[in-house]
Amino acid sequence: MHANAEFVFLIMINKKILLIGVLTGPKCGELSANLLTKEILKSNFLHLNAIDINFLDSIDQASTNGQLSLKKIIKISRLAPRLFFIFNTDIVYLVPGLSVFGIIKTLHFSILAKILRKKIVYHFHGSKIFLLLNDSRKNFALKILLHFFLSLPSKLFVCSSILAKELSARMLRPNVVMSLPNPVNIPLIINQTKFNEKVLNVIYFSNLMKTKGIYNYLRVVENMNTNNNVRFHIAGGGNDIYIIRKIREIENKYGNLEFHGLLEGQAKNKLLNNCSIMVLPTMYAQEALPISILECMSYGMAIISSKIGGIEEVVSHNKNGFLVDPKNICQITSFIDRLLNDRIILEEFSKGSRNCIIERHNIDEYATKLLSIFYDN
């Protein structure tokens with residue numbers, strides 16, 4: 001377990017790595033994972049170059065990120081000079097955007113690397129590749145693009161074994177797909193007294209997006225406004241004025257909700273350590289395995305979320321949380337009530353969540369599995 005991610009090795013690997021992915025921009029799970037990967041690679045390789053492909057100005061542009069525009073085409077052309085990095089590289093580690101535009105904007109790197117016989121590794125953080133594969137059944141041009149794109153890497157990482165199994169079944173080269181679960185920093189000590197307090201804290205901890213279930217969460221808050229044994233919290237980034245206005249409206253109307261905005265550092269750690277239940281009724285089409293869920297589990301929270309992407313790989317129904325229909329407000333409310341009224345089950349769920357993270361999502365395991373591919377020729 002680590003309070004901070006630190007990687008110390010006696011021998012630096014004498015290979016040249018080129019990391020291509022989103023390395024700046026709005027706070028999100030993909031960015032956090034990419035920065036951690038960059039830190040691990042930088043600590044273990046004598047030579048590391050990195051190319052930032054972030055074209056977003058705010059989290060609210062994410063829904064249109066897959067669409068082409070003149071501005072984006074111009075920015076793609078500005079990446080061209082960086083193709084020369086490929087000539088002085090042994091391994092290209094690419095984290096592409098999973099949209100047609102996301103593939104096109106980095107495809108020239110993969111093509112040149114293949115021509116020069118460089119090792120190519122893809123890392124998919126979302127599950128949108130499955131939407132593209134489904135769309136390709138009716139779009140021959142997209143089918144050709146995806147077939148070519150997926151034929152290039154020697155290894156392909158996804159963040160869940162469920163997604164790895166599904167993608168392996170749909171690729172012509174299934175032996176290249178591997179599961180690499182995202183890790184989180186694990187707090188050494190968590191607040192054990194929070195489960196015995198009369199008022200329990202429940203949190204929505206994610207970006208403020210409709211598809212992430214923020215409106216459904218707010219309906220739960222409204223539904224439980226007369227329950228004095230629960231206090232709701234929202235922590236996450238986003239600039240959608242309608243969502244923020246609705247949050248403020250409910251916050252002022254009922255008094256059982258506190259909006260924190262985007263939190264980092266000690267403020268985030270303190271809030272998570274005081275919360276007992278996380279609710280994320282996500283409907284996000286690209287959902288894979290949200291780092292926000294993993295973070296909350298590391299603080300011993302019971303999780304109430306959707307059976308989508310790889311979430312069921314870490315949330316076991318009736319063992320460390322509940323898998324729900326994200327639109328079924330009564331169902332979500334009833335599960336919160338059950339945990340409020342049965343603190344023994346809540347503590348059992350807490351232990352289950354934390355043990356899952358310690359055993360399967362610690363940084364050492366991630367680093368070991370990540371680095372293993374660079375030794376494999």
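**View 1. Strand 3 and strand 4 (residues 119–124) are parallel partners joined by four bridges.** Here, two strands count as paired if DSSP finds at least two bridges between them. Helices (H or I, at least four residues) and strands (E, at least two) are DSSP runs, numbered from the N terminus. This is a predicted model, in which local features need pLDDT of at least 70 and side-chain atom pairs count only at pLDDT 80 or more, while totals for chains, interfaces and linings use all residues. Residues are numbered from 1 along each chain as its sequence is written, and side-chain values use heavy atoms, leaving out hydrogens and water. Look for Val 92, which sits opposite Ile 120 of strand 4. From strand 3 (residues 91–94), Ile 91 and Tyr 93 point one way and Val 92 and Leu 94 the other, and all are buried (under 20% relative accessible area, with a 1.4 Å probe and protein chains only). Together with helix 3 (residues 100–115), strands 3 and 4 build a right-handed β-α-β unit: with the strands pointing away from the viewer, the path from the first strand over the helix to the second runs clockwise.

**View 2. An open sheet of six strands has the order 9-8-7-10-11-12, with parallel pairing.** Its edges are strand 9 (257–261) and strand 12 (321–324), each pairing on one side only. From one strand to the next, the twist averages 20°; axes are lines fitted to C-alpha atoms, for helices over the stretch in contact, and angles run from 0 to 180 degrees between N-to-C directions. Within the sheet, strand 7 (residues 200–205) and strand 10 (residues 277–280) run parallel and are joined by two bridges. Val 202 has Ile 277 as its bridge partner in strand 10.

**View 3. Helix 7 (residues 214–223) lies across strands 7, 8, 9 and 10.** The helix runs at about 160° to strand 8 (230–235). Helix 8 (residues 241–254) also packs on the sheet, where it touches strand 8 and strand 9 and makes about 145° with the direction of strand 9. Which residues of helix 7 are buried? They are Ile 214, Asn 216, Tyr 217, Leu 218, Val 220 and Val 221. Their cover includes strands 7, 8, 9 and 10, along with helix 8 and helix 11.

**View 4. Thr 333 belongs to helix 11 (residues 329–341).** Why is Thr 333 counted as buried? Because its relative accessibility is 7%. Leaving aside residues up to four places away in sequence, Thr 333 touches Val 220, Asn 223 and Met 224, where contact means heavy atoms within 4.5 Å.

Technical notes
Buried < 20%, exposed > 50% of the residue type's maximum accessible area, 1.4 Å probe, protein only.
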